[in-house]
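Dear colleague,

I am handing over the structure we spoke about, with a summary of what was found in it below. Please read the notes alongside the coordinates.

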Amino acid sequence: MNTSYTVCGICEQACGLKVSTEQNQVIKIEPDKDNAFSWRDYCIKGAKSHLALTHPKRITSPMKRIGDRYVETSYEEAIADISARFGAITAEYGANALGSYTGNPNGFNFGSALFQTMLLDAIGTENRFWVGSIDQNALHVVSENLYGNPWVGLQTDIDYCDYFLLIGTNPQVSGMCWISYSPDGWKRVLARQKAGAEVVVVDPRTTECAAKANQHITPLPESDWALLLAMIKIIFDNGWDKTSKPEKLDGLGAIKALAQKADLNDLSLRCDISLDTINRIAEQFAKAPRAMAVGRTGVSLGRNGVLGLWLVQVLNLITNRVETEGGIYYCSGVLDFLDAGDTLFPKSEAISRLRGTKNIAGSHSLAELPDEITTPGIGQIRALIMNSGNPVVSGPDGDKLDAALAQLDCLVVIDQFQRESHRHADWLIPGDHFLERNDINPLLQSLSPAPRAQFTRAAVNLPDGMRYEWEFLRDLAMAMNAPFIMGKKWLNPIVKASIKLAKLTGNKHHGFSPLWLSRPLIKSGGMFKWKDIKNAEHGLGELSTRPNFGTLFNKLTTANGKVNLAPTAFINTLAERLTQSPPDTSEYPLQLIGLRKMKMMNSWSVETSMEGMKERELTGGSIEINRLDGERFSVNDGQEVTVSSATNHLVAKVTLSDSVRPGVAVMQHGWGYRTFNPKTGKGTYNGGVNRNILVSNKDVDPLSRVPRLNGTQVKIEATSIA
Ligand code: SF4
């Protein structure tokens with residue numbers, strides 16, 4: 001029996017895993033209890049992740065579409081055909097005729113993400129789309145505007161905090177990680193609560209965390225900005241604001257002026273929280289010795305995501321909660337995003353062709369992809385490379401995207417399985433599994449609360465003849481004769497020679513591999529020695545390392561070196577919101593929000609995490625509403641209803657509860673799609689319904705272009721007698 005240590009590559013918690021194998025087969029996966037940056041546990045997706053390795057539907061050879069089936073071919077044939085087709089399309093229509101879509105798992109596969117970016121850079125396309133545009137773009141917009149770098153994610157100093165204001169987050173399930181990482185975050189919050197700290201959860205639903213909070217505030221979805229602005233106004237009006245770094249804050253006057261003009265009664269009505277409550281939490285937050293306000297996806301997924309996350313930062317900044325003990329702070333990790341500036345993520349000024357919006361963190365919004373494929377003109381996307389994504393399910397208005405994908409001249413998919421979004425693929429290219437990789441992900445590991453580094457070890461070999469995703473992407477770039485490294489085509493012969501060497505030695509990393517770049521990158525940061533990283537099987541770094549407070553203010557990369565507290569676009573959008581009437585609810589009286597459970601799949605791991613799941617746990621086909629709304633719409637518990645939005649409709653079963661506030665409907669995300677057996681063309685339906693088809697791809701946050709995955713207005717009508 002062999003044992004290897006790695007981290008789960010399915011979500012950013014990156015739980016440490018201990019993997020036992022025998023004869024290249026995984027026998028057991030357990031949490032790695034010695035991984036200092038892990039919560040020493042795992043969820044169903046990690047626990048069952050090895051089932052994907054030998055799953056009968058797994059793609060392990062390139063597969064070419066012949067009619068409605070796929071046949072296995074060689075990499076040589078795949079690369080020759082794809083390079084010829086991509087080459088012909090870009091030669092005739094320009095580089096932007098080739099688009100890309102990158103899904104969430106690609107962010108946890110450093111080699112694939114890096115080499116895909118290098119391939120796209122080499123080809124020169126600006127038509128890049130990614131999954132961040134349906135959840136985290138609001139944070140990137142806020143970080144770029146306030147701090148000068150879209151990738152700044154501030155960490156939480158949990159163990160020293162006296163007052164937690166948690167908005168739109170359910171850390172018992174999410175682990176309190178989102179572009180930042182807090183191992184055992186919720187347990188540590190509860191430990192602080194036991195020691196006397198106050199925990200305030202702001203959420204329209206009684207989440208697992210809300211049930212344990214000292215206070216639970218239930219605003220309407222998409223109205224956090226109104227609650228936060230009211231708190232900020234109260235703090236200014238009472239002179240409770242304080243900051244130890246006034247010279248580092250630009251725009252404080254503009255924020256004060258905005259708050260001064262705001263009407264507390266109006267704000268209270270907009271979020272549907274009483275003024276007494278807002279006054280109370282504003283005073284408590286401002287006067288707590290140490291406090292933090294944290295906003296997550298519950299805030300970012302709606303049409304006011306940027307406003308909400310921005311005002312969370314403003315609240316923290318005007319009460320001295322940034323770069324202070326018990327507050328939020330920037331951590332220089334194994335790579336330092338602020339030091340690296342534009343070297344790591346070159347700034348792109350790319351504007352989308354049809355809606356004319358500037359890219360965010362290097363990519364355009366998924367909401368814009370269907371029209372970019374179907375609308376003729378210069379720059380129309382005619383070929384697409386989709387890497388580890390299932391956007392028809394995870395994004396808005398999947399039916400529209402599905403129809404658009406069918407129109408492409410060439411769709412190349414890199415994935416472990418053929419999923420709903422891959423129905424029209426011309427080529428299926430095998431996706432590697434994290435249990436097969438020797439890897440280090442310096443980007444992800446730099447979003448940690450303290451410096452850390454871990455070189456993860458492959459537990460099993462790749463299937464015979466299969467290449468890593470990064471190999472395929474590199475080899476495709478070579479076949480296209482594209483300048484793969486820093487735009488320098490003359491380096492291609494060196495890459496090709498290294499590939500030959502790797503074939504001779506049998507060591508894939510003797511060929512030009514991501515390790516050729518990650519190793520010098522890490523060395524240049526100077527945080528850890530490469531030798532030490534390689535020797536530390538559970539990873540390097542101590543979670544208890546105290547933050548170096550002040551780092552953020554010292555390294556700001558804004559034009560004037562100050563926090564830009566009041567970006568003009570934010571101020572203007574907020575002013576607009578203040579003059580708008582509340583949404584008309586006469587036709588669609590409920591607002592749809594999402595939830596996440598530990599024991600559920602997402603739209604990328606359904607094939608394995610559903611294995612063995614009990615019927616009662618398959619809750620993806622239900623819609624939860626308040627009992628009062630049940631009476632209002634004359635529906636009973638368990639009754640089948642049609643749920644309609646202005647975009648689409650579906651059928652679900654009603655769950656009546658007291659856990660969700662009136663006016664709100666809750667449906668889980670990520671259910672209801674097919675996985676295909678490419679050899680037979682037959683699909684298996686994975687249960688539940690895909691509620692994202694109700695979400696429009698036109699109704700988006702104007703600042704982040706994130707669609708309203710939280711907040712879409714819906715109605716329900718009985719379709720059966722309960
Ligand atoms: S998917 Fe589950 S096991 Fe994997 S990193 Fe995320 S929480 Fe951990």
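The buried residues of helix α10, which spans residues 264–271, are L264, L267, S268, R270 and C271. Seen down the axis of α10, these buried residues fall within an arc of 160°, so they line one face of the helix. On the other side of α10, N265 and L269 are exposed. Please keep in mind throughout that this is a predicted model.

What covers the buried residues of α10 includes three further helices, namely α8 (224–237), α11 (275–287) and α24 (568–579). As for the ends of the helix, at the start of α10 a side-chain oxygen of D263 reaches to within 2.9 Å of the backbone nitrogen of N265, while the residue that follows α10 is D272, whose phi is positive, near 60°.

S268 is found in α10 and has a relative accessible area of 12%, which is under the 20% limit, so it counts as buried. A polar atom of the S268 side chain lies 2.7 Å from the backbone oxygen of I273, and I273 is also one of the residues that S268 contacts once its neighbours within four places in sequence are left aside, the others being S274, L275 and I278.

Turning to the ligand, the residues around it are C8, I10, C11, Q13, A14, C15, Y42, C43, K45 and G46. By class, this shell consists of seven nonpolar residues, two polar ones and one charged one. For residues 1–55, an unreviewed UniProt entry lists "domain: 4Fe-4S Mo/W bis-MGD-type", an annotation that comes from that record.

Q23 has a positive phi of about 50° although it is not a glycine, and it lies in the loop between β2 (16–22) and β3 (25–31), where Q23 is exposed, with a relative accessible area of 75%. A361, likewise a residue other than glycine, has a positive phi near 50°; A361 lies in the loop between α14 (337–340) and α15 (369–374) and is partly exposed, with a relative accessible area of 21%.

Technical notes. Residues are numbered from 1 along each chain as its sequence is written. This is a predicted model: local features need pLDDT of at least 70, side-chain atom pairs count only at pLDDT 80 or more; totals for chains, interfaces and linings use all residues. Side-chain values use heavy atoms; hydrogens and water are left out. A residue is near a molecule or strand if one of its heavy atoms lies within 4 Å of it. Ala, Val, Leu, Ile, Met, Phe, Trp, Tyr, Cys and Pro count as nonpolar, Asp, Glu, Lys and Arg as charged, and the others, Gly among them, as polar. UniProt positions are given in the numbering used here, feature names are shortened, and annotations may be inferred rather than shown by experiment. Buried means under 20% relative accessible area, exposed over 50%, partly exposed in between (1.4 Å probe, protein chains only). Helices (H or I, at least four residues) and strands (E, at least two) are DSSP runs, numbered from the N terminus. The arc is that of the directions from the helix axis to the C-beta atoms. Contact means heavy atoms within 4.5 Å. A polar contact is a pair of N or O atoms within 3.5 Å; within protein, one must be able to donate a hydrogen and the other to accept it, and residues adjacent in sequence count only if both atoms are side-chain atoms.
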